[in-house]
Amino acid sequence: MKAKPIIRREQANRDVGTAIASCLNDAGEAATLGFIEALENAYDLIGRHPASESPRYAHEFNLPGLRLWPLTRYPYLVFYIEHSEHIDIWRVLH
């Protein structure tokens, strides 16, 4: 299955920058590289299987189609919305 392109909103990019800085400060380079790898894997899986994760926050935030994907081994959630031609990454939150 061909993955849909991932488009990261500016706030998602800021979230990731903050997470990387925090990880570097608290856990070191190896953990930070692991976080980046987990995030890239999540983006890949979201692009290939966007409808497979929970839409439970869509109603709470009044954002139809909002879903979240948990990172493996890291306490972060990727919030995204699937569109016909791409995936819109809204936030990456701890």
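What does Phe-61 count as in terms of relative accessibility?

A: Phe-61 counts as partly exposed, because its relative accessibility is 49%. The classes are defined with a 1.4 Å probe and with protein chains only: buried means under 20% relative accessible area, exposed means over 50%, and partly exposed covers what lies in between. The model is predicted, so local features need a pLDDT of at least 70 and side-chain atom pairs count only at pLDDT 80 or more, whereas totals for chains, interfaces and linings use all residues. Residues are numbered from 1 along each chain as its sequence is written, and side-chain values use heavy atoms, with hydrogens and water left out.

The structure holds 4 aromatic pairs. In one of them, Tyr-57 and Phe-61 are stacked, with 5.7 Å from centre to centre and 20° between the planes. Rings of Phe, Tyr and Trp (its six-membered ring) pair if their centres lie within 6.5 Å; planes under 30 degrees apart count as stacked, those over 60 as edge-to-face and the rest as tilted.

Elsewhere, ring pairs join Phe-35, Tyr-74 and Tyr-76 into a cluster.

Leaving aside its neighbours within four places in sequence, Leu-66 is in contact (heavy atoms within 4.5 Å) with Ser-54, Pro-55, Tyr-57, Ala-58, Phe-61, Phe-79, Tyr-80 and Ile-81. Leu-66 and Phe-79 stand 13 residues apart along the chain, and their C-alpha atoms are separated by 6.7 Å.

Most residues other than glycine have a negative phi. Asn-62, however, has a positive phi of about 55° although it is not a glycine. This residue lies in the loop between H3 and E2, and Asn-62 counts as exposed because its relative accessibility is 66%. Arg-73 also has a positive phi, of about 70°, and is not a glycine either. Arg-73 lies in the loop between E2 and E3, and at 67% relative accessibility it counts as exposed.

The wider chain gives the setting for these details. The protein chain has 3 helices and 4 strands, which follow the pattern β-α-α-α-β-β-β when read along the sequence. Along its principal axes, the C-alpha trace spans about 40 × 30 × 20 Å. For 94 residues, a compact globule would have a radius of gyration near 12 Å, and the 13 Å of the protein chain agrees with this. That radius is taken over C-alpha atoms, and the globule rule is 2.2 Å times the number of residues to the power 0.38. Of the 94 residues, 34% are buried. Among contacts between residues at least 6 apart in sequence, 48% join residues at least 24 apart.

Two further residues show separations across the model. Ser-84 is placed in the loop between E3 and strand E4 (87–93), and at 63% relative accessibility it counts as exposed. Ser-84 and Glu-29 are 55 residues apart in sequence and 37 Å apart in space, from C-alpha to C-alpha. Thr-32 is placed in helix H2 (residues 29–48), and it counts as buried because its relative accessibility is 4%. Not counting residues up to four places away in sequence, Thr-32 touches Ile-20, Cys-23 and Leu-24. Thr-32 and Gly-65 are 33 residues apart in sequence, and their C-alpha atoms are 30 Å apart in space.

Notes
Helix = DSSP H or I, 4+ residues; strand = E, 2+ residues; numbered from the N terminus.
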